[in-house]
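Trainee: Could we go through this model together, starting with the metal site?

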Amino acid sequence: MEDCIFCKIIQGEISSDFIYESDTVVAFNDVNPIAPVHILIIPRVHIASMNDINSDNSMIIADMVAVAVEIAKDKGIEKDGYKLLIRTGKNGGQEVSHIHLHLIGGAPLHEDIHSL
Ligand code: AMP
Ligand code: ZN
């Protein structure tokens, strides 16, 4: 998708180090981390938001969650815990219109919904 920053990252037009990549998803560090571990897991295909998820494509969400858990274990943050977050739309605070799962952890997270 033209003008989608995350599609550009997938296509290598914007540089980012992939922490993980598979046929369906890639993961990379958030450029503006709010915790010691702050990683974004995104589908390779452009899906604008959760509003575009349906029974035909919902497996991509399962892929993203499975990768997030794998990375959490790889980073050693699974025992203390972490947060998985998908923002949706204006009221959800979504800034990039390409679905992304935030993996946030490595320190206690306060419950300020505006910052997290
Ligand atoms: P959201 O507010 O849920 O849409 O989250 C968008 C996230 O993308 C924010 O946490 C940004 O810091 C992050 N972000 C934006 N541009 C980049 C980039 N080029 N590389 C990595 N993360 C980015
Ligand atoms: Zn995109």
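Mentor: Happy to! Donors are N, O and S atoms within 2.8 Å of the metal (3.2 Å for Na, K and Ca), and water is not among the atoms, so sites may look incomplete. This is a predicted model, where local features need pLDDT of at least 70 and side-chain atom pairs count only at pLDDT 80 or more, while totals for chains, interfaces and linings use all residues. Residues are numbered from 1 along each chain, chains are lettered from A and ligands numbered from 1 in the order written, and side-chain values use heavy atoms, leaving out hydrogens and water.

Trainee: How are the donor residues of the zinc ion (ligand 2) spaced in sequence?

Mentor: The protein donors are C4 (SG), C7 (SG), H46 (ND1) and H98 (ND1), lying 2.0 to 2.3 Å from the zinc ion. Written as a pattern, the spacing of these donor residues is C-x2-C-x38-H-x51-H.

Trainee: Which arrangement do the four donor atoms around the zinc ion make?

Mentor: Four donors count as tetrahedral if all angles lie between 85 and 135 degrees. Here the angles are 106 to 117°, which makes the arrangement tetrahedral.

Trainee: Are C7 and H98 buried or exposed?

Mentor: Buried means under 20% relative accessible area, exposed over 50%, partly exposed in between (1.4 Å probe, protein chains only). By that rule, both C7 and H98 are buried.

Trainee: Which side chain has an N or O atom 2.8 Å from an oxygen atom of ligand 1?

Mentor: A polar contact is a pair of N or O atoms within 3.5 Å. An oxygen atom of ligand 1 is 2.8 Å from such an atom in the side chain of H102.

Note on methods:
A polar contact is a pair of N or O atoms within 3.5 Å; within protein, one must be able to donate a hydrogen and the other to accept it, and residues adjacent in sequence count only if both atoms are side-chain atoms. Four donors count as tetrahedral if all angles lie between 85 and 135 degrees; four count as square planar and six as octahedral if opposite donors are over 155 degrees apart and all others between 65 and 115; anything else is irregular.
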